[in-house]
Amino acid sequence: MKPLKVIFQPSGKRGEIQEGKTVLEASRELGVGIESLCGGKQTCGKCRVKILEGEFSPFSQEEGKWIGESEREGGIRLACSARILKDAVIFIPEESLAQIQIIRKRISERPVELNPTIKSYFVKLTPPSFYDLSGDFERLQKTLSDAHSLPPLHIDYPALSKLTKVLREGDWEVTVFVWMDREILDVKPKNNVKVSGLAIDIGTTTIAGYLCDLKTGELIATQSMMNPQVIYGEDVISRITFAMDHPDGLQILHQAVINGLNQLIQLITESSNTSPEDIYELTVVGNTAMHHLFLGIDPQPLGVSPFPPAIHQSMDIKGRDLRLKIHPSANVHILPIEAGFVGADNVGVLLALEPYNQDDMVLIIDVGTNGELVIGNRNHLLSASCAIGPALEGAHIQFGMRAAQGAIERIEISPKNFEVNYEVIGNSKPRGICGSGIIDGVAELYRAGIIDSSGRFKKEIRSPRLRWINEKPEFVIAWKEETSIGKDIVITQKDIRNVQLAKAALYAGAKLMMKKLGIEKLDKVILAGAFGAYIHPEKAMILGMFPDCDLKNVFSVGNAAGEGARIVLLNKEKRLEANEIVKKIKYVELTLEIDFQREFVEAMDIPHMRDSFPHLHLYRQ
Ligand code: FES
């Protein structure tokens, strides 16, 4: 196969690629961002490009689902389907350009009792003499035991290799950094006090880091970035598939996340005037697939029922074994995993929100790329994972996009004249609708009486915004003059259907879990996750994303998983608590529940076919 010349417009980026690569693959190699919400599986229709020159593989059946006859004649193709066979010039329209996602990963910074695994001790040693010829390490051990009642300690090799020099450099006055009262990680001359730790949340889409001072517990800096694995697949399943389908797939994904973390470490330490070498511990949460890929463990079994993980329990390993650029002896603590699709991120959420210490019956919905549910109180705790599909992330929605610049994130529709008010991320012209926007949009279409409880557009509505194209209705949210893509941004019947499928999965899951616990009402609902935090609680309830609850007790919280990682970083006892929760919580495999299908069908209605929402009416009066 010979190399071909490819030019991408309008950026003008160009380079050589091997014949037979898809346009999407070529764009990745040449550093051009094309939107690919499904990771190249031809199921999202977001990677549309226009062919200007060249020869490509024939138009596929899959492409026909997304591209109409006239567009096809105009040279529109799906980048993940069209393979390049000759030198080519390809145009990427504005709506297909990958945007930098707005990363929203704030945490609540709840006070945590400081009890870290890393402690530093300043000690003065008696220098050797003819009367005391003990070795440097034994001398240090004894001093620590006498002065601080520490048990006999191990010493990590990098610390041992420098010990002799440091003791003499410090004139026998040194600071010793000890992990878990068990192992010496470092010895520095004189009184050296900087000790930092980094809490990391590896999300499918974003990675967030929280740098803390382990002497004071203070949060020194936060930093987020896109998970670099995104280019190999947008969701967990497409990453697992990538790892399976490519001989070096696992290594590529593992290396991508490690490189990303090293970049994040660099950025967060630079921004806070600390050094990567001051980071003595890293705590990590992430869903099960991210956990495995971070550790370089084959995630294949996670993609096949019954989805067993390689390991459930928490782990401590050296950062150097993962080639993390932090202190050479630093420890990496990874939180335990509950079940195949309920991972260490969920354990982090539980630690942050502590439903197991409350009398109130709490439902926690962690809406990310996957939906995770926890329900319970101090007596019972159930967890489940919900396949909500990618609709709430923008895929399978005609004008869906990520939460990036130009995404409509809030929508209001007047029930009187059906006029629309919307808010756009970055205050720019809109180019699509993100997850919280589509939830708002469908809830508002219902509230304004434009769609009925089955989600269908009402034929009797008269408004220029509601139009029927080939008998298919759509509602205009933004007219083309207002948008940056030169097209009307609409919500279609199919979009509404996809949102209904996602919300019904969450509702049915919550309802089945409530039944299992024998309860009929919820005291509290918490919407967590980077995305959940931006969902408008009332709109989510109008839509029927969760069973009725007093809206005063429905909260959106920030990144609770990341908060959990921070908690175990600052307090080692919480690690024991994490292992206890994993034993206590019962995982419900929703797909095995006989009633799931019936509950799901009933939950497709807005807000629900049977269940009443007294608090919704109360609130609106
Ligand atoms: S359809 Fe091409 S990336 Fe989704």
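# Reading the calls in a five-domain model

The domain assignment of the protein chain gives domain 1 (3–96), domain 2 (118–189), domain 3 (199–344), domain 4 (354–389 + 504–620) and domain 5 (391–499). These bounds come from an automatic or database domain assignment. The model is predicted: local features need pLDDT of at least 70, side-chain atom pairs count only at pLDDT 80 or more, and totals for chains, interfaces and linings use all residues. Residues are numbered from 1 along each chain as its sequence is written.

User: What is the separation of domain 1 and domain 4?

Analyst: Their C-alpha centres lie 40 Å apart.

User: What makes helix 8 (residues 288–295) mostly covered?

Analyst: The burial count. A residue is buried if 20 or more other C-beta atoms lie within 10 Å of its own, exposed if 12 or fewer, and partly exposed in between, with C-beta atoms placed from the backbone. In helix 8, eight of its eight residues are buried. They are Thr288, Ala289, Met290, His291, His292, Leu293, Phe294 and Leu295. As for the name, helices (H or I, at least four residues) and strands (E, at least two) are DSSP runs, numbered from the N terminus.

User: Which elements cover the buried residues of helix 8?

Analyst: The cover includes strand 10 (196–202), helix 6 (236–245), helix 7 (249–271), strand 13 (279–286), strand 15 (331–334) and helix 9 (344–353). Just after helix 8, glycine 296 takes a positive phi of about 75°.

User: Why are helix 6 and helix 7 called oblique to each other?

Analyst: They pack at an angle of about 130°, with their axes 6 Å apart. Axes are lines fitted to C-alpha atoms, for helices over the stretch in contact, and angles run from 0 to 180 degrees between N-to-C directions. Angles under 35 degrees count as roughly parallel, over 145 as roughly antiparallel, 65 to 115 as roughly perpendicular and the rest as oblique. Helix 6 and helix 7 are therefore oblique.

User: Which residues of helix 6 and helix 7 meet?

Analyst: Arg239, Phe242, Ala243, Met244 and Asp245 of helix 6 meet Gly249, Leu250 and Leu253 of helix 7. Contact requires C-beta atoms, placed from the backbone, within 7 Å. By class, this contact has five nonpolar, one polar and two charged residues. Ala, Val, Leu, Ile, Met, Phe, Trp, Tyr, Cys and Pro count as nonpolar, Asp, Glu, Lys and Arg as charged, and the others, Gly among them, as polar.

User: How do you know that helix 9 and helix 14 (residues 560–570) are roughly perpendicular?

Analyst: Their axes cross at roughly 75° and come within 7 Å. The two helices are therefore roughly perpendicular to each other. Asp345, Val347, Gly348, Val349, Leu351, Ala352 and Leu353 are the helix 9 side of the contact, and Ala560, Ala561, Gly562, Glu563, Gly564, Ala565, Ile567 and Val568 the helix 14 side. The contact residues divide into 10 nonpolar, three polar and two charged.

User: Why is strand 16 (residues 362–367) described as largely enclosed?

Analyst: Six of its six residues are buried, so the rest of the structure largely encloses strand 16. Val362, Ile364 and Asp366 point one way, Leu363, Ile365 and Val367 the other way, and all are buried.

User: How do you know that strand 16 pairs with strand 17 (residues 371–376) and strand 25 (residues 524–528)?

Analyst: Two strands pair if DSSP finds at least two bridges between them. Strand 16 and strand 17 have six, in the antiparallel sense. Leucine 363 has isoleucine 375 of strand 17 as its bridge partner. Strand 16 and strand 25 have five bridges, in the parallel sense. Here valine 362 stands opposite lysine 524.

User: What makes strand 20 (420–424) and strand 21 (432–433) edge strands?

Analyst: The open sheet has three strands in the order 20-19-21, with mixed pairing. Strand 20 and strand 21 each have a single partner strand, so one side of each is left without a neighbour in the sheet. Strand 19 (residues 407–413) and strand 21 pair in the parallel sense over two bridges.

Conventions. Two residues are in contact if their C-beta atoms, placed from the backbone, lie within 7 Å.
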